[in-house]
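Me: I have a sequence and a set of coordinates here. Please go through the pocket and the core with me.

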Amino acid sequence: METGRWEHFPHQADIGVRGIGSSKGEAFEQAALALTGVITDPQILNPSEKVEITCEAPDDELLLADWLNELVYEMAIQKLLFGRFEVRLAGHRLEGQAWGEKIDVARHQPAVEVKGATLTCLRVGQDAGGAWVAQCVVDV
């Protein structure tokens, strides 16, 4: 089973983010990398500053949207770009860490500003091969 990757998918004026992993938590981590990938190349980041994030929702889909929106909030407030993530799930509660660095416009060359995760194309589940997929469209 191919796991541990992220990708984007087109959606009119916005962009879809998709995380794929061997576990639901890994899919959430990869979706977060896809979120960063909308802004800049995650591989150029030096993830040295850690931020703790906790959220809870009534289902997996809303939990994914909450997770991504918490990351967007932290990026805006702390002026960070995140390049590494760790997610622990217990039911519909997420405890996670995001590691990032301060935004350097000259070095990171941000492409767009992500305004937030939406409920459009929101999905968390396993595909036919058993891999977990976590996706939604983000407003840019």
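**Pocket and core**

Reply: I39, V72, M75, A76, K79, L80, L81, I103, P110, V112, E113 and V114 line the largest pocket. On a 1 Å grid over the protein atoms alone, a pocket is an open set of points where a 1.4 Å probe fits, with protein on both sides within 12 Å along at least five of seven lines, and lining residues have an atom within 4 Å of a point. The model is predicted, with pLDDT of at least 70 needed for local features and 80 or more for side-chain atom pairs, while totals for chains, interfaces and linings use all residues. Numbering runs from 1 along each chain as its sequence is written, and side-chain values use heavy atoms, without hydrogens and water.

Me: Which element gives the most to the lining of the largest pocket?

Reply: Two elements give two or more residues to this lining, α2 (60-78) and β4 (80-90). Helices (H or I, at least four residues) and strands (E, at least two) are DSSP runs. With three residues, the top contributor is α2.

Me: Which element supplies the largest share of the largest nonpolar core?

Reply: This core has 38 residues, and F28, L64, W67, L68 and L71 touch the most other members. A nonpolar core joins buried (under 20% relative accessible area) Ala, Val, Leu, Ile, Met, Phe, Trp, Tyr and Cys residues through side-chain atoms within 4.5 Å. Nine residues, the largest share, come from α1.

Me: How many residues of α1 are buried?

Reply: The helix α1 has 16 residues. It is mostly covered, and the buried count is 15.

How values were computed:
Buried means under 20% relative accessible area, exposed over 50%, partly exposed in between (1.4 Å probe, protein chains only). The expected span of a helix is 1.5 Å times one less than its number of residues.
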